[in-house]
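Please read these notes with the model open beside you, and check each point against it as you go.

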Amino acid sequence: MKALVRGAVLIAATAAILIIINAQLAKSGAQSGGNTLTVYNWGEYIDPDLIKQFEKETGINVIYETFDSNEGMMGKIEQGGTSYDITVPSEYMVEMMREKDLLIPLDYDKIPNIKNIDPYFMDLPFDPNNTYSIPYFWGTLGIAYNPTLLEGQTFESWDNLWDPSLKQQVVTVDSAREVLGMSLNSLGYSLNSTNVDELREATDKLKTLSPNIKAVIGDEVTQMMMNNEAAVSLIWSGQAADMMSENEDITYVVPEEGSNLWFDNIVIPKTVKNIDGAYEFINFMLRPEVAAQNADYVGYSTPNKKALSLLDPEVVSDDRYYPDEKAREHLEVYKDLGLEMLGTYNELFLEFKMNMK
Amino acid sequence: MRDLKRMVRRMKTNRAGLRLSMVPYSLWILLFVIAPIGLIVYYSFFDLSGNFTFDNYKNFFTSVYLKLTVSSFWYAFLITFFSLLISYPTAYFLTKLKHKQLWLLLIIIPSWINLLLKTYAFIGLMGLYGPVNALLETVGIGKQQILFTDFSFVFVSVYIFIPFMILPIFNALDKLNPALIDASRDLGANAWTTFRRVIWPLTLNGVKSGIQVVFIPALSLFMITRLIAGNKVITLGTAIEQQFLVTQNWGMGSTIAVFLILFMVVILLLTTANERGMAGSGKKR
């Protein structure tokens with residue numbers, strides 16, 4: 001009986017403590033609940049120390065979530081039920097989200113640090129006057145290759161990819177616009193071409209590349225290049241930077257016919273709950289020292305002009321990462337070609353993939 | 001409380017109770033089987049701008065999709081064939097072992113591990129600098145490109161599907177009355193005839209359900225096609241994934257899905273034909 005009473009008291013005491021702790025937790029949860037900021041970004045696309053610094057400075061609690069495709073990100077925002085305050089779509093996706101009325105126009109009175117951004121990257125066709133978006137990172141599409149695995153092959157031109165010596169050596173990303181765009185560029189056409197004959201020609205040319213293709217895969221390209229598993233890859237500059245930091249033999253080049261110039265941009269989606277926090281975050285990310293630290297961590301090129309002087313001069317003067325204005329003339333930004341055309345691109349790409357053996 | 005007891009009693013005896021007990025099942029079927037299939041069929045009749053159209057169906061027959069279907073079937077056939085080739089003798093061997101349930105469990109355990117993890121493991125194993133190539137090199141064969149070939153795709157798929165093939169065959173073989181085999185031998189049949197005329201027909205149902213659970217998912221494999229085959233093998237599953245996620249053409253994606261469902265129904269019908277007769281003769285033993 002005594003043991004029973006003791007047991008009951010113990011249980012009651014434990015329950016009481018748990019109730020108190022729970023109440024305490026709920027209170028602090030509610031506090032931070034009023035001041036949280038949900039950032040929805042690509043994976044590995046921010047220096048985590050910067051989030052901590054931002055939280056410390058502002059007292060805002062940051063919830064960081066990641067996505068791996070523009071389309072997936074838009075789907076989640078479009079379907080609602082989410083409360084993302086910040087997200088980072090690529091340029092064509094900014095266009096698409098704007099058309100679907102998923103973005104909020106930015107109030108530049110609240111973003112004084114916009115002055116740090118290079119005017120060259122402002123007011124681009126995908127978002128005139130930067131009404132909805134601010135460039136976050138930019139880069140190119142090119143060829144990353146490992147000379148030690150090749151016999152003197154270089155890549156001044158896209159056509160070098162077709163060289164017979166590269167049998168089963170080339171890896172590309174699994175993305176219709178990139179691969180078909182490369183073929184279009186190699187023929188001297190625009191990578192925004194909507195001309196059916198040009199697209200047909202580009203697809204037929206792409207089919208002749210088949211013997212050289214080792215695989216068409218996703219983010220695994222980076223790992224494969226690092227491990228010397230593949231010698232040549234069609235890849236974005238940032239991923240090439242990742243490869244080079246792990247494997248010093250690798251180098252990156254943008255062929256002379258031109259290529260894609262891309263931007264990922266900060267926007268405030270319609271799902272925003274903490275709009276003041278969102279502006280604070282954007283303004284924070286645009287500080288020169290923050291942008292520099294972030295670019296150093298992520299490895300992509302920053303559009304923040306003031307940040308450039310804080311970065312390693314060797315990187316900034318490297319025209320593989322920061323092509324000069326003359327080199328940029330050959331680069332093209334993707335336009336949103338509409339779903340119909342995107343379907344055509346994907347069907348042609350599928351045709352190429354079906355033909356790879 | 002008394003009411004509940006009465007209800008239970010009534011349920012056991014009453015038709016109304018029987019009907020009541022069907023509610024969860026019917027709801028489930030309605031919400032998670034019929035409604036989604038209905039939605040897929042519905043979406044398949046709309047184009048990108050939301051107009052009613054049959055173009056998606058026309059498109060399926062005129063473009064790359066037909067070729068895609070043929071290649072999907074070919075690879076699904078290869079995967080099923082090799083799974084069966086390995087599973088039948090394995091299952092037969094297992095039934096002869098002393099601790100057969102334990103051995104069976106050991107074969108099943110890998111299927112508890114996440115598919116993606118296993119696939120990534122194969123990337124490492126089959127890579128140019130992986131253990132398989134290291135072995136080939138020491139043996140003197142030299143480095144081979146294993147990853148991103150038909151071989152690697154079929155091999156990994158077979159590895160993944162084998163437990164699902166073994167299980168029904170094992171069960172069928174296990175239920176087989178050994179007296180029948182003895183009788184067959186006593187009546188003068190040799191080992192091959194016994195297998196062909198007694199064992200195989202009596203375990204055919206296990207084989208058929210094995211084929212069902214392998215062939216149908218193999219038709220719509222999509223992740224392995226990219227990771228192991230480097231997109232050199234493309235199945236209907238890949239095409240559906242692309243239509244929904246990249247092209248955002250839900251209509252076309254749904255149309256491909258409708259065809260996939262139709263193909264699956266055909267396969268189900270083919271592999272379950274005669275089942276009733278077979279099951280009857282199985283029970284009789």
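1. Helix α14 of chain A, residues 338-354, has 17 residues and reaches 24 Å from its first C-alpha to its last, which is close to the 24 Å expected at 1.5 Å a residue. Helices here are DSSP runs of H or I with at least four residues, strands are runs of E with at least two, and both are numbered from the N terminus; the expected span is 1.5 Å times one less than the number of residues.

2. This is a predicted model, in which local features need pLDDT of at least 70 and side-chain atom pairs count only at pLDDT 80 or more, while totals for chains, interfaces and linings use all residues. Residues are numbered from 1 along each chain as its sequence is written, and chains are lettered from A and ligands numbered from 1 in the order in which they are written.

3. The contact between the chains takes 26 residues from chain A and 23 from chain B, two residues being in contact if their C-beta atoms, placed from the backbone, lie within 7 Å. On the chain B side, α5, α12 and α13 each give two or more residues.

4. Ile211(B) lies in helix α11 of chain B and is partly exposed, because 19 other C-beta atoms lie within 10 Å. Beyond its neighbours within four places in sequence, Ile211(B) contacts Thr80(B), Leu84(B) and Thr271(B).

Key:
Buried ≥ 20, exposed ≤ 12 C-beta atoms within 10 Å, placed from the backbone.
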